[in-house]
Amino acid sequence: MCRKQLPNDETESSPERESASVRHLDKQYSVSYRRWRLKNKGGYGFFYHDIRNEYTYQDGKGFIRDVPEYSERCAIHNVNRLISCIMLFYLLFNTLSVYVIPSFLSSACGVNIGVDLTRNAYYGDETTIIVYKYITSILKRLIPISLLGILTGMPAKVMIPVKTSNKALFGTAIPSALLVAAAGSVMMIPMKNLFSYIHAGLNLNLTITSDTSNMTALLILSLIITPIMSEIFVHGGCLQLLRQFGDGYALMITGVITAMTGDDIRLFLYYFMISVVIGYFTLRTGSVITAIVMRMTVSGFFYIQSFLGTLEDRRLSSIYVTAFVLICIIVGLICVIRFMSVNNHKISLPLKATYLSPYDKMMSFFTTPSVILWLAAAFAVMICSIPLDL
């Protein structure tokens, strides 16, 4: 019993190509992505033509494993394991840089830096702290980006697409980011009240200094360098690697990655929601530059809101924060509604299924041993690092 199969030609249709919303992306990117997937088929790449009548069992040969479902399951398992192992390295490096290395530098090298475990904040010489933050913040993102690129062999044009194919939607990225960040901060009010019962607030431990040079350096790190490197990894490398299994799956998993690298379990849902929105804009505009711009906007919003919340006059501080949030919501709503009324056809993102069901793909992720280890360790670290207002 046998059946003649179609030739292995790149021009054939395939459900995973349709679900990846290729029409929203640069043509050169799409060609490079398809070639990479074909080259890495069976490893970190998944590409299977739309041949839905292959037999999974043939007389005299037994079961045939070279079928779409099996190929996708193998590739998605390899990708999930790779990402979780990289994230375990990120978690280890981040934990050591926060809790171990400062104490070692202080005791063994005489460096004026330390960490207050109750407030989860550094203390010591301001310049030393900022230099230390620069080194650790860059390394803990640069190494995972490099590992992801080297181990998967993804071309730079695939891993970091920069050409914007939907300029109209790109123009509303900043107000949309403000809207989501502001709406998310309002939604976090019940969470803040909940954590107040255990004397754990939701205010950031911002490093504020009167030294202009140090403050400028800190703002550059927080609002420019960190967003760029974070988005290159999450909505660049990880999103592009995962979207071969469907854009919906890629959005959910990158949302989990962003939330788990937020270093704060109290803001898990906040980071997850923002990541999904940024991921959608990235896919729909076809460029990681969109993600970087939106992440910078969210970081700026977060920083300003937190700074206003630290003013000594609590009543005035509350008024400023409320006014700032309302302005962002109103401006964001106006811009988004205006865009939708004129360019409604430019916001759709078809989420068609691949061979595995959404349930199978999510179960593959959350039952991978390295993923379980990463999530358990990350949650444990985040819970233990909640600063307490004692």
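1. Cysteines. C328 is buried, at 5% relative accessibility, while C384 is exposed, at 67%. Here buried means under 20% relative accessible area, exposed means over 50%, and partly exposed covers what lies in between, using a 1.4 Å probe and protein chains only. The count of disulfides comes to zero, a disulfide being a pair of cysteine sulfur atoms within 2.5 Å.

2. Ground rules. Please keep in mind that this is a predicted model, in which local features need pLDDT of at least 70 and side-chain atom pairs count only at pLDDT 80 or more, whereas totals for chains, interfaces and linings use all residues. Residues are numbered from 1 along each chain as its sequence is written, and side-chain values use heavy atoms, with hydrogens and water left out.

3. Salt bridges. How many salt bridges does a search of the whole structure find? There are two, taking a salt bridge as a side-chain nitrogen of Lys or Arg within 4 Å of a carboxyl oxygen of Asp or Glu. One of them joins E231 and R295, at 2.6 Å from N to O. This pair links distant parts of the chain, with E231 in helix 9 (residues 212-242) and R295 in helix 12 (residues 288-308), 64 residues apart. Helices here are DSSP runs of H or I with at least four residues, numbered from the N terminus. Both E231 and R295 are buried.

4. The other bridge. R243 and D247 also meet through their side chains in a salt bridge, at 3.4 Å from N to O. Again, R243 and D247 are both buried.

5. Aromatic pairs. The structure holds 14 aromatic pairs. Rings of Phe, Tyr and Trp (its six-membered ring) pair if their centres lie within 6.5 Å; planes under 30 degrees apart count as stacked, over 60 as edge-to-face and the rest as tilted. Y29 and Y33 make a tilted pair, with 5.5 Å centre to centre and 45° between the planes. Because Y29 and Y33 are four residues apart in helix 2 (residues 27-39), about one helical turn separates them. Both of these tyrosines, Y29 and Y33, are buried.

6. An edge-to-face example. What is the geometry of the aromatic pair formed by F365 and F366? The pair is edge-to-face, with 4.9 Å centre to centre and 90° between the planes. F365 is buried at a relative accessible area of 2%, whereas F366 is partly exposed at 37%.

7. A ring cluster and a charge over a ring. Ring pairs also link F46, F245, Y249 and Y355 into a cluster. Returning to Y33, its ring has the charged end of R37 sitting over it, 5.5 Å from the ring centre. That description applies if NZ of Lys or CZ of Arg is within 6 Å of the ring centre and within 35 degrees of the ring normal.

8. A nonpolar surface patch. Have a look at F89, L147, I150 and L151, which form a nonpolar patch on the surface with about 360 Å² of accessible area together. Patches are made of residues with over 30% relative accessible area and no salt bridge, with like charges joined within 9 Å and nonpolar side chains (Val, Leu, Ile, Met, Phe, Trp, Tyr) within 5 Å. The areas come from the Shrake-Rupley method with a 1.4 Å probe, and for residues only the protein chains shown count as cover. Helix 4 (residues 126-152) gives the largest share of this patch, three residues. I150 has its place in helix 4 and counts as exposed, at 67% relative accessibility.

9. Contacts across the sequence, part one. F93 is in helix 3 (residues 68-109) and is buried, with a relative accessible area of 19%. F93 and K140 are 47 residues apart in sequence, yet their C-alpha atoms are 6.5 Å apart. G237, in helix 9, is buried at 0% relative accessible area. Between G237 and I160 there are 77 residues of sequence separation and 6.6 Å from C-alpha to C-alpha.

10. Contacts across the sequence, part two. I274 lies in helix 11 (residues 268-285) and is buried, at 5%. The C-alpha atoms of I274 and V180 are separated by 6.6 Å, although the two residues are 94 apart along the chain. F324, found in helix 13 (residues 314-342), is buried at 19%. F324 and F301 are 23 residues apart in sequence and 9.0 Å apart in space, C-alpha to C-alpha.

Definitions and conventions. Helix = DSSP H or I, 4+ residues; strand = E, 2+ residues; numbered from the N terminus.
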